[in-house]
Amino acid sequence: MRLRRIFSASIAAVVMMTSTAFADFPERTVENVFPWSAGTAMSVSQIIAKALGEELGVSVPVVSTPGAAGTKAFITSMNRPADGYTIIDGYVAPLVLQPVLGNADWSFKDFKPLHAAVSNAFSIGVKKGETRWSTFEELMEYGKANPGKLRYSSGSRNNLPHMVIAKVLQSYGVVAQNIPYKTDGDARKDLKAGVLDFSFINVGAYLQDKDGFEILLVLSELPGAKASYDGAPSITDLDIELGLSGLAPMGWTWWLVHKDTPDDVADVLRAAMKTAMAREDVKEQISRVGFVPLEWDHTQYEEIVGPVAGQLGAMGNALKWEEDELKKLK
């Protein structure tokens, strides 16, 4: 009986200590592990991290950890203690795309979601003053009548923009040549020079050089994405069903923690991030650089992220379709 009382007292002490630790969270810096190099996307994460830190009362630095198509940041984060002091900046490429491609052994369900962060829509653009076509539908009509003649770039091959564009072209039955480039900037230079017929244009490039491009199609359903490209036509304006919806056809991030993070700790982070993302100053700063602040909280994670994997699989099939159709034309 005496041993049982001692054991019960010990358990109660551990529970009390644990509860106290959760109540005091966070007591120190909380890091956001970011999967890319410094750039516009990282600056957007820094906007959110600053606001989150203000809500938590601690610093939240954003630590760039690029490598292996974003998966290095995930592996780094998962190897740290599941104590809430490491936030994973869960971009779609390492979170969903790399597992679909067989390059990562996790799924989106293997993490505990905090809150959606931002999306950055892709677009299809032509050089300013292009006279051969003035709408996306006219471009597609030409492409269908001239298989394999159109040349375009998504920067590197088989990346997310390539997958999205290939799916759009497949929906129209248009076979076009994807020309790889080491940098998106080189592709845009060749677009202006007439070497390419159209190209993937990200929102940052558009905002920096609005006079250089005509945006024919914004690859997103979100009103905020359309606004980022000054009201250019989006996929919602087309009369054809592309099989692209939700977050699938664009870049986005959802902030996460290790799945073993205690619920009490995750709830503190969730509440603080929800408050931060609802702040008008935060939304305004994000929108100013062309990204779209997202309002979904952790309860909507599976509902919103779940369909992305299936659509990415269909986009992967579109890449194979494009490759096979081009071989037939040789």
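**Entry 1. Helix 5 and helix 6**

I began with the pair formed by helix 5 (residues 136-145) and helix 6, whose axes come within 10 Å and cross at roughly 70°. I worked throughout on a predicted model. Angles from 65 to 115 degrees count as roughly perpendicular, so I noted helix 5 and helix 6 as roughly perpendicular to each other. I put the crossing of these two helices down as right-handed. On the helix 5 side I listed Phe 136, Met 140 and Lys 144, and on the helix 6 side Val 168, Leu 169 and Tyr 172. Sorting the residues of this contact gave me five nonpolar, no polar and one charged.

**Entry 2. Helix 6 and helix 12**

I stayed with helix 6 and looked up helix 12 (residues 301-329): the two axes come within 8 Å and cross at roughly 75°. Helix 6 is therefore roughly perpendicular to helix 12. From helix 6 I wrote down Leu 160, His 162, Met 163, Val 164, Ala 166, Lys 167, Leu 169 and Gln 170. They meet Leu 312, Ala 314, Met 315, Gly 316, Ala 318, Leu 319, Trp 321 and Glu 322 of helix 12. I counted the residues of this contact by class as eleven nonpolar, three polar and two charged. Leu 169 of helix 6 is listed in the contact with helix 5 and also in the contact with helix 12.

Next I went to the loop between strand 6 (151-153) and helix 6 (160-172), where Asn 158 lies. What is the phi of Asn 158? I noted a value near 65°, which is positive, in a residue other than glycine. For comparison, most residues other than glycine have a negative phi.

**Entry 3. Phe 25 and Pro 26**

Which kind of peptide bond joins Phe 25 and Pro 26, cis or trans? I found a cis bond, with omega about -5°. Pro 26 sits in the loop between helix 1 (2-23) and strand 1 (31-34). Most peptide bonds are trans.

**Entry 4. Helix 2 and helix 10**

I then took helix 2 (residues 40-56) and helix 10 (residues 263-278), whose axes come within 8 Å and cross at roughly 120°. I therefore recorded the two helices as oblique to each other. Helix 2 passes helix 10 in a right-handed crossing. In helix 2 the contact uses Ile 48, Ala 51, Leu 52, Glu 55 and Leu 56. Facing them in helix 10 I listed Val 268, Leu 269, Ala 272, Met 273, Thr 275, Ala 276 and Met 277. By class, I noted ten nonpolar residues, one polar and one charged in this contact.

**Entry 5. The two domains**

Last, I looked up the domain assignment, which gives domain 1 as 27-120 + 250-296 and domain 2 as 122-247 + 315-329. Taken over C-alpha atoms, the centres of domain 1 and domain 2 are 28 Å apart. How many residues of each domain are in contact with the other? I noted 14 residues of domain 1 and 13 residues of domain 2. About 1200 Å² is buried between the domains, and carbon and sulfur atoms give 75% of that area. I also noted that Leu 97, Met 250 and Val 292 supply 45% of the area that domain 1 buries against domain 2, more than any other three residues.

Key
Residues numbered from 1 in each chain as written. Predicted model: local features only at pLDDT ≥ 70, side-chain atom pairs only at ≥ 80, totals over all residues. Heavy atoms only, no water. Axes fitted to C-alpha atoms, helices over the stretch in contact; angles between N-to-C directions. Helix = DSSP H or I, 4+ residues; strand = E, 2+ residues; numbered from the N terminus. Parallel < 35°, antiparallel > 145°, perpendicular 65-115°, else oblique. Left-handed = near helix turned anticlockwise from the far one by under 90°. Contact = heavy atoms within 4.5 Å. Nonpolar A, V, L, I, M, F, W, Y, C, P; charged D, E, K, R; others polar. Domains from an automatic or database assignment. Buried area = accessible area lost by both parts, 1.4 Å probe.
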